[in-house]
Amino acid sequence: LLEAFVEGDLRHHLGRRRMNRSISRMQGHIIVCGWGRVGAATRRYLRSTGQQVVAVDRDPARLTGLDEHHVLGDVTDDSVLLAAGIERAPA
């Protein structure tokens, strides 16, 4: 039981680090603030035009299982936007 917990937690942590590195290398991506119904529809449209997307939401339940680059946090927090790559994102 302990091994499964530690392994699962470690896998999650390593996956998060991998995603953070990937986001830090992105250029020209679009940041979608809020991952509700409208955010998901926006993502579908942007992806259909070939755009890379980073989702930001403060509700972890909305981001659970998301296979999109994402950052958990409040978009009014500058550090969250920096983590999403705001300096390299045109929108």
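**Surface.** I began with the accessible surface of this predicted model, which comes to about 6200 Å². Carbon and sulfur atoms account for 55% of that area. I then looked up burial and found that 30% of the 91 residues are buried.

**Charges.** The mean position of the 13 positive charges is 6 Å from that of the 11 negative ones.

**Overall layout.** I noted four helices and three strands. Along the sequence they follow the pattern α-β-α-β-α-β-α. The C-alpha trace spans about 45 × 25 × 25 Å along its principal axes. I also checked the contacts between residues at least 6 apart in sequence, and 47% of these join residues at least 24 apart.

**His 29.** Where does His 29 lie? I found it in the loop between helix 1 (2-25) and strand 1 (30-33). Its relative accessible area is 0%, so His 29 counts as buried. I followed its side chain to the backbone oxygen of Ala 84, which it reaches at 2.9 Å. Leaving out residues up to four places away in sequence, I listed what His 29 touches: Gln 52 and Val 54, then Ala 84, Gly 85, Arg 88, Ala 89, Pro 90 and Ala 91.

**His 70.** My next stop was another histidine, His 70, which lies in strand 3 (residues 69-72). Is His 70 buried or exposed? I put it down as buried, because its relative accessibility is 12% and the cut-off for buried is under 20%. A polar atom of the His 70 side chain lies 2.8 Å from the backbone oxygen of Glu 68. Beyond its neighbours within four places in sequence, I found His 70 in contact with Arg 16, Met 19, Ile 23, Val 54, Ala 55 and Leu 63. Val 54 was already in my notes, as one of the residues that His 29 touches.

**Arg 43.** I finished with an arginine in helix 2 (residues 37-48), Arg 43. Which residues does Arg 43 touch, not counting those up to four places away in sequence? I wrote down Trp 35, Val 53, Asp 67 and Glu 68.

Technical notes. Residues are numbered from 1 along each chain as its sequence is written. This is a predicted model: local features need pLDDT of at least 70, side-chain atom pairs count only at pLDDT 80 or more; totals for chains, interfaces and linings use all residues. Side-chain values use heavy atoms; hydrogens and water are left out. Helices (H or I, at least four residues) and strands (E, at least two) are DSSP runs, numbered from the N terminus. Buried means under 20% relative accessible area, exposed over 50%, partly exposed in between (1.4 Å probe, protein chains only). A polar contact is a pair of N or O atoms within 3.5 Å; within protein, one must be able to donate a hydrogen and the other to accept it, and residues adjacent in sequence count only if both atoms are side-chain atoms. Contact means heavy atoms within 4.5 Å. Accessible areas come from the Shrake-Rupley method with a 1.4 Å probe; for residues, only the protein chains shown count as cover. Lys and Arg count as positive and Asp and Glu as negative; His and the chain ends are not counted. The place of a charge is taken as NZ of Lys, CZ of Arg, CG of Asp or CD of Glu.
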